[in-house]
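Reader: I am new to this structure and would like to know how its terms are used. Could you take me through it?

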Amino acid sequence: MVIKTTIQGFLTAVKGLFLTVRHLFGARKSRASLDIRDEDYFTQQNGVTTVQYPKQKMPIPEVARYQLDVEIDDCIVCDLCAKACPVDCIDIQAIKSPEVIGKTSDGSVKRLYPAKFDIDMAKCMYCGLCTVVCPTECITMTNQYDRSTQQLADLIYGFSEMSDHEVQQRKEEWTKFQAEKEAAKKKP
Amino acid sequence: MADLIVHIVVPIAIFTFIAAFTLFAVYAERKIAGFVQDRLGPMETGKYGLVQTIADILKLLQKEFITPSAADKILFSIAPVVIFGAVFVGFSVIPWAPDFIPANTHTGLFFIMAVVSIDAIGILMAGWGSNNKYALLGSVRAIAQMVSYEIPVGLSLIAAVMITQTLNLNDIAYLQGINSPENIYFMGFWDVTHIGGIFAWHIFQAPHLLVVYVIFFIASLAECNRAPFDIPEAESELIGGFHTEYGGIKFAFLFLAEYAMMFLVAILGVVLFLGAWNTPLPNIGSLRLADWTTGLGWGITWTILKSFTIVGIQMWIRWTLPRFRADQLMTLCWKVLIPLAFVCLAISGLWRIMVML
């Protein structure tokens, strides 16, 4: 019993030692292909697998599941993305406009001003649900993933381009328009 | 006066060598670990991470002395000194080249076995003094392991000493090369006294000595708490074992002791079994390779080269084999290595009587 296990242990140890020494000498070269889209990616994986990150990056698709980006000119401020978000990381405030503001690049009519369009990347779980529901496809995931900061507030990305003054002006416009409408209703 | 200077210079030289070796070995270990696991190892500090270990030691030297408030302050602070001292003293009887030996004593081998055993006490002091259950568990395991494995180490050394008939490490080294005072027989039948080289090494002087060397090597791995016998440290179970609470320069000394111990057992195996400072190249007819490659410089080169090879094998084993369970460790020692060592001991006796005379 003891002899049998001893011999077996010795043989398996030798087998393992040969395996590791093959890898030790195999480390003279690194794997040849980093991009999974390559034709023979899986046949070129021998050798060191390390990717020395800041100096060397793995190729990723242009629209991968990384940080969000909003093309604010195409946004109709429908709030669907904020409603779809499971972690509530999107914060939108809309201001109604008395008349049509313009059209997005796909022809949808814009009737709301985005007073605030903040995405908290610290909360975001990169599920991509917001990009799915967006009717104008203005919110997309990008290939940017290496944002680091010393202040948490820097991770709240603001996409609204409206200044405080402009927000104030648009609000006043809307209140004025509503007041006019009320006044028009009261008139017989 | 000259004597006194020699007595001061030699330990400093050995310490410098140990420190340099540790810096190199830690780097080598991390690189080997990396390559075995298809990684690169340290790459950032200097070209190919070459100054990584120097940066590490500078960091350790700057650190604060922290003693846990519940620790036994005296034991805690002298344990690293005892552990390192025990290993350091062991180097005093190691021959590096023909007659190039700090202390040429007739009981060199016995002396090494005696002082290196003190290491176990140091580890118990460290574990007990830390007053931490993981440290204590680690040191309890270390004691059980080191005391058990002292026996196969001792038996395998006796098996070799029965062939050499001397405990003087310098004389043992002489008996394995072309300058041997006695006739050397390869496997007991071929006179290689004037051929020398690899054939004259102890492991080839008798067939069972090869087995004895394997026993010695395995047991010495356990003696210096290296993987796969690193249950005293067992990072995954015991945090760091007996050195959990140590930091800064005290930890540096524990680390130094660990690598010094690795080198000590490697060089001891080389001296006893692998020809010490004798060249592996034999004399072939008029091609006097062995004669040409024997001498002070060559001796040091061969000793260091052989020892580094053994240290390399220790690292290779560390990054291959998983850790033994405590009971498997004891089974291996008491049921496999010790009986085998006893058999080899008996064969050594018979070999001395029947073949060598």
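**Terms and what stands behind them**

Author: Gladly! Chain A is divided into domain 1 (2-43) and domain 2 (68-164), where the bounds come from an automatic or database domain assignment. The C-alpha centres of domain 1 of chain A and domain 2 of chain A are 49 Å apart. This is a predicted model, in which local features need pLDDT of at least 70 and side-chain atom pairs count only at pLDDT 80 or more, while totals for chains, interfaces and linings use all residues. Residues are numbered from 1 along each chain as its sequence is written, and chains are lettered from A and ligands numbered from 1 in the order in which they are written.

Reader: What makes strand 2 and strand 5 of chain A a pair?

Author: Strands pair if DSSP finds at least two bridges between them. Strand 2 (residues 90-96) and strand 5 (residues 112-120) of chain A have seven bridges, in the antiparallel sense, so by that definition they pair. A:A94 stands opposite A:P114 in strand 5 of chain A, and A:Q93 has A:K116 of strand 5 of chain A as its bridge partner. As for the names, helices (H or I, at least four residues) and strands (E, at least two) are DSSP runs, numbered from the N terminus.

Reader: How do you know that strand 5 and strand 7 of chain A pair?

Author: Strand 5 of chain A and strand 7 (residues 156-158) of chain A share three bridges, again antiparallel. Here A:I119 stands opposite A:Y157 in strand 7 of chain A.

Reader: Why are strand 2 and strand 7 of chain A said to stand at the edges?

Author: The open sheet has three strands in the order 2-5-7 (chain A), with antiparallel pairing. Strand 2 and strand 7 of chain A each have a single partner strand, so one side of each is left without a neighbour in the sheet. The twist averages 15° from one strand to the next.

Reader: Why is B:L60 called partly exposed?

Author: A residue is buried if 20 or more other C-beta atoms lie within 10 Å of its own, exposed if 12 or fewer, and partly exposed in between, with C-beta atoms placed from the backbone. B:L60 has 16 other C-beta atoms within 10 Å, so it is partly exposed. B:L60 is found in helix 2 (residues 52-62) of chain B.

Reader: Which residues does B:L60 touch, not counting residues up to four places away in sequence?

Author: They are B:G248, B:I249, B:F251 and B:A252. Two residues are in contact if their C-beta atoms, placed from the backbone, lie within 7 Å.

Reader: What makes up the contact between domain 1 and domain 2 of chain B?

Author: The domain assignment of chain B gives domain 1 (1-62) and domain 2 (70-354). The contact takes 16 residues from domain 1 of chain B and 15 residues from domain 2 of chain B. Helix 1 (2-36) and helix 2 of chain B are the elements that give two or more residues to the domain 1 side, and helix 1 of chain B gives the most, with 13 residues.

Reader: How does the side of domain 1 of chain B that touches domain 2 of chain B divide into nonpolar, polar and charged residues?

Author: That side has 14 nonpolar, one polar and one charged. Ala, Val, Leu, Ile, Met, Phe, Trp, Tyr, Cys and Pro count as nonpolar, Asp, Glu, Lys and Arg as charged, and the others, Gly among them, as polar.

Conventions. Axes are lines fitted to C-alpha atoms, for helices over the stretch in contact, and angles run from 0 to 180 degrees between N-to-C directions.
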